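Hi,

Here is the structure I promised to pass on.

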Amino acid sequence: MKIRDIRAIEITLNPKPKTPPRTPSRAGTFQLNRPVSRYETLAGGPRHVSSSEWKRPACIVTAEDGTWGFGLSLYGAPVTRIIAEHFAPHLIGQNCMATEKLWDMMVRLSTAFGATGLTSYAISAVDCALWDLKGKLLGRPVYELLGGPQKEKIFCYASGFDQEWYLELGFKATKLFTPWGPEHGLTGLRKLEALVASTRETIGPEVELMLDAWTGFDVEHTVRVAETMKPYGLKWIEDYIPADDFVGYETMRQRIPWQTLATGEHWYLPTVFAAAAGRRLVDIFQPDVLWCGGITAAVKICHIAEANGISVITHAGMNYPYGQHLAMAMPAITWGERSEGVSAPGVPLEEMVKLPGTSVIKDGYVTPSDAPGFGLEIDEAWIENAMS
């Protein structure tokens, strides 16, 4: 079966829950620390320099018989142009079942300007659409095409600041983000300690707690944070320094060998994960399926990790069915993250689904849909509405 058409569009995913929040989310009370926070003119508004106001790029790959698959990523306009103007003309007419070949073609087509960054987001959207299409054509869920179910259900954790609500939903692990970084000095460090301490008191000793710095720390500050947080039993510290600072990652491994370290959401394609695995820079890889090069790249990353005794917990993997299906099949993936605004206190998770057909976490676990492809319940009418 050949590819008849590849369509790249910009959409908005904005669930409108029917249930009013019991109380406002605490997320609105914190301004998260970001790498650009060192500049005073931007420090008060990282949201204005993030991707929050961009539309989402989506890719629809249609086979000769009219069956189509749907993929998703980030950074709207530039990513859709890469798909439509650079990839599509070369992929149309190819065998739509040849996911390895098509992925390799996209990487090689990007040699002149690099296959990472925005290009990787484009590759991810196309690749996920191809896997969705393959599953639909074969009448099987994607996790079966990846080797079948490796686990009965996926253990999930919730990221955010509404820990009481997460416990009520049944989560047994949670992650905090960091509102304060190196620029806030000792005062910021003490505020961060107070936040972690109060969170630990809220969730108790039997719930796992993690900390995410979103690449906003430096080596010195990460060491100070790790030392300060020892009494609170952090399972891991995540994305503590810039993604491309491999020397820094080696330094961190030497200076805090006792702390479990995780990163990878801003690493793209399997090659960088292979380099990190060979030097055992971190204990947990965290690729994002919608950013790192899609399902094809993520499977390769999981195999690299498993061969090197490293765990994989995909970034935001439980938000969409793409990461759910990957986690269901891969032995390297131990947990799943639910992020992107889990839900305000009192709002059921069912009302926060962004892609219809996405399985909902219940009591801290999720099992992907067994419908063909990724089990998405979307049609042309839904797509047209998301584009408006």
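Residues are numbered from 1 along each chain as its sequence is written, and side-chain values use heavy atoms, with hydrogens and water left out.

**Confidence**

pLDDT is the predictor's confidence in each residue, from 0 to 100. The protein chain has a mean pLDDT of 96, with 97% of its residues at 70 or more. Where pLDDT is low, the predicted coordinates should not be read in detail. Helices (H or I, at least four residues) and strands (E, at least two) are DSSP runs, numbered from the N terminus.

**Cysteines**

How many disulfides are there? The count is zero, taking a disulfide as a pair of cysteine sulfur atoms within 2.5 Å. For Cys-59, the closest cysteine sulfur is in Cys-128, at 9.7 Å, which is too far for a bond. Cys-128 has its own closest cysteine sulfur in Cys-292, and 8.3 Å is again too far. Cys-59 is buried at 0% relative accessibility, and Cys-128 is buried at 0% as well. (Buried means under 20% relative accessible area, exposed over 50%, partly exposed in between, with a 1.4 Å probe and protein chains only.)

**Thr-263**

Thr-263 is in strand β8 (residues 261-263) and counts as buried because its relative accessibility is 2%. Its side chain makes a polar contact of 2.4 Å with that of Asp-239 and one of 3.2 Å with that of Tyr-249. A polar contact is a pair of N or O atoms within 3.5 Å; within protein, one must be able to donate a hydrogen and the other to accept it, and residues adjacent in sequence count only if both atoms are side-chain atoms. Leaving out residues up to four places away in sequence, Thr-263 also touches Val-282, Ile-284, Phe-285 and Gln-286.

**Ala-386**

Ala-386 belongs to helix α13 (residues 380-387) and is buried, at 6% relative accessibility. Its C-alpha lies 8.6 Å from that of Asn-14, 372 residues away along the chain. Beyond neighbours within four places in sequence, Ala-386 contacts Glu-10, Ile-11 and Thr-12.

Cheers

Conventions:
Predicted model: local features only at pLDDT ≥ 70, side-chain atom pairs only at ≥ 80, totals over all residues. Contact = heavy atoms within 4.5 Å.
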